[in-house]
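Visitor: I have a new model open and would like to learn how to read it. Could you walk me through it, one feature at a time?

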Amino acid sequence: VLARRTIKQFGFDDVITVLEGFTSDVSLPNGEKADLVLAEIVGSVASEEGAFATILDAHKRPVEDPADDASWIPNRIQTFASPASYTPHNLFQPPTFDWSK
C-alpha cells in the first residue's frame, strides 16, 4: 500500500507497476520481463527466507537483465557470522510460513 501511494504521489504510477507475491507465483502480462526486482527476503542469515531459491527463480523468469546488478534491490547479501547449528529449511525452496506460531 505504501509503495503504491508513494509512486502515485510522485507521479510515477504510469511508469511503475507494483506486483506483490513470490516470483514463483507471479507472471508478468504478455511475457514481459521486469526491469527491477525489489525483494524483502533477507533474514538474519543470508540464506534465510529462501533468498537463494527466490533469486534463482527470478533469474530464470521475470527479470530482463539478471546479470545487471541494477536489476536487483538488494543486489548483494552476505552473512558475516552465523549460528553453529542452523537448519537450512528454506535454502533450496521458497519459504513456507507456520502461522501457528
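Predicted model: local features only at pLDDT ≥ 70, side-chain atom pairs only at ≥ 80, totals over all residues.

Visitor: How much space lies in the largest pocket, and which residues are the closest to its centre?

Guide: The space in the largest pocket comes to about 1200 Å³. It is lined by 29 residues, and those closest to its centre are Thr 17, Leu 19, Leu 36, Val 37 and Leu 38. The elements that contribute two or more residues to this lining are α1 and β1.

Visitor: Which element gives the most to the lining?

Guide: That is α1, with three residues.

Visitor: Now for the overall fold. In what order do the elements run from the N terminus on?

Guide: Begin with the inventory: the protein has two helices and two strands. From the N terminus on, they run α-β-α-β. As for burial, 20% of the 101 residues count as buried.

Visitor: How many salt bridges does the count come to?

Guide: For a salt bridge, look for a side-chain nitrogen of Lys or Arg within 4 Å of a carboxyl oxygen of Asp or Glu. The count here comes to one. Arg 4 pairs with Glu 20, and their closest N and O atoms are 2.5 Å apart. Arg 4 belongs to helix α1 and Glu 20 to the loop between α1 and β1, so the pair ties together parts that are 16 residues apart in sequence.

Visitor: Is Glu 20 buried or exposed?

Guide: Compare the relative accessible area with the cut-offs: under 20% is buried, over 50% is exposed, and partly exposed lies in between. Glu 20 counts as exposed because its relative accessibility is 58%.

Visitor: Where is Phe 10 found, and why does it count as exposed?

Guide: Phe 10 sits in the loop between α1 (2-9) and β1 (37-38). Its relative accessibility is 55%, so Phe 10 counts as exposed.

Note on methods: Residues numbered from 1 in each chain as written. Heavy atoms only, no water. Helix = DSSP H or I, 4+ residues; strand = E, 2+ residues; numbered from the N terminus. Buried < 20%, exposed > 50% of the residue type's maximum accessible area, 1.4 Å probe, protein only. 1 Å grid on protein atoms, 1.4 Å probe; cavity = no way out; pocket = protein on both sides within 12 Å on 5 of 7 lines; lining within 4 Å. Points joined across faces, edges and corners; volume = space filled by probe spheres on them.
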